[in-house]
Amino acid sequence: KTDKGGVALGLAGAEALRDAYRALEQRLGPRVLVAPMAGPGIEMILGARRDPQFGPVVMLGFGGIHAEVLKDAVFALPPFDKGYARRRMDGLKMRPLLDGLRGKPPCDVDALCELAARFSAMVDALRDFIEEIDINPVIVTAGGAVAVDALVVSRRQ
């Protein structure tokens, strides 16, 4: 969406919102989702893909623009619980960023792990219908974890 100019961030007021809508409508059509701006935090990614040998595989890693550049992610077979999500996440190279560096408060890692566990249960339950899911970014802060954008590709049967 960002590469196609389909995201408008930091809109301050009704006039800026109208201008952004008009620009998006011209480029992409009239269907637009308006949502509150997420605050700053650490950007993570949750994803799932169907592997021909293993079936659904869940990915957890650092997201946003870092997902494509750093490729700091771990993989797991669903379903799994919050404890397993934490153990897998602890294997990420950039994991210390979530602990609050340089005066920043630590992120709510428990909320991220709970989100990952619930996501894995959903992926497992929908294994026959879903080919791919990307939730990127998931913004993690001291106060929790919130999914900001998602893409779901259904399985052709």
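Mentor: A salt bridge is a side-chain nitrogen of Lys or Arg within 4 Å of a carboxyl oxygen of Asp or Glu. By that rule, a search of the whole structure finds 9 salt bridges. Keep in mind that this is a predicted model.

Trainee: What makes arginine 86 and aspartate 110 a salt bridge?

Mentor: Their side chains meet at 2.5 Å, N to O. The cut-off is 4 Å, so the pair qualifies. Arginine 86 sits in helix 3 and aspartate 110 in helix 4. They are 24 residues apart, so the pair links distant parts of the chain.

Trainee: Why is arginine 86 called partly exposed?

Mentor: Its relative accessibility is 27%.

Trainee: What makes arginine 127 and aspartate 124 a salt bridge?

Mentor: The N to O value is 2.6 Å. That value is set against a cut-off of 4 Å, so the two side chains pair. Arginine 127 is partly exposed, with a relative accessible area of 31%. Aspartate 124 is partly exposed as well, at 23%.

Trainee: Which residues are linked in a network of salt bridges?

Mentor: Arg49, Glu132 and Asp134 are. As background, side chains of opposite charge can pair when their charged atoms come close.

Trainee: Now arginine 95. Why is arginine 95 called buried?

Mentor: Its relative accessible area is 10%. Buried means under 20%, so the label follows. Arginine 95 is found in the loop between helix 3 and helix 4. Leaving out residues up to four places away in sequence, arginine 95 touches Phe62, Arg86, Met89, Asp90 and Val109.

Trainee: Is serine 120 buried or exposed, and how do you know?

Mentor: Buried, because its relative accessibility is 0%. Serine 120 lies in helix 4. Its contacts are Val58, Pro78, Pro79 and Phe80, not counting residues up to four places away in sequence.

Trainee: Why is valine 34 called exposed?

Mentor: Its relative accessible area is 57%. Exposed means over 50%, so valine 34 passes. Valine 34 is placed in the loop between helix 1 (14–28) and strand 1 (42–51).

Trainee: Which nonpolar surface patch includes valine 34?

Mentor: Val34 forms a patch with Leu11, Leu17, Tyr21 and Val32. Together they have about 390 Å² of accessible area.

Trainee: What makes a set of residues a nonpolar core?

Mentor: The members are buried nonpolar residues joined through side-chain atoms within 4.5 Å. The largest such core here has 25 residues. Those with the most contacts inside it are Met44, Leu46, Met89, Leu98, Leu112, Phe119 and Val138. The elements giving two or more residues include strand 1, strand 2 (55–62) and helix 3 (82–89). Helix 4 gives the most, with 6 residues.

Trainee: Which residues does phenylalanine 119 touch?

Mentor: Not counting residues up to four places away in sequence, phenylalanine 119 touches Leu46, Gly47, Ala48, Val58, Ile133 and Ile135.

Trainee: What is the overall picture of the chain?

Mentor: The chain has 4 helices and 6 strands. Along the sequence the pattern is α-β-β-α-β-α-α-β-β-β. The C-alpha trace spans about 50 × 45 × 25 Å along its principal axes. Of the 157 residues, 29% are buried. Among contacts between residues at least 6 apart in sequence, 51% join residues at least 24 apart. The accessible surface comes to about 10200 Å², and 57% of that belongs to carbon and sulfur atoms.

Notes:
Residues are numbered from 1 along each chain as its sequence is written. This is a predicted model: local features need pLDDT of at least 70, side-chain atom pairs count only at pLDDT 80 or more; totals for chains, interfaces and linings use all residues. Side-chain values use heavy atoms; hydrogens and water are left out. Patches are made of residues with over 30% relative accessible area and no salt bridge: like charges are joined within 9 Å, nonpolar side chains (Val, Leu, Ile, Met, Phe, Trp, Tyr) within 5 Å. Accessible areas come from the Shrake-Rupley method with a 1.4 Å probe; for residues, only the protein chains shown count as cover. Buried means under 20% relative accessible area, exposed over 50%, partly exposed in between (1.4 Å probe, protein chains only). Contact means heavy atoms within 4.5 Å.
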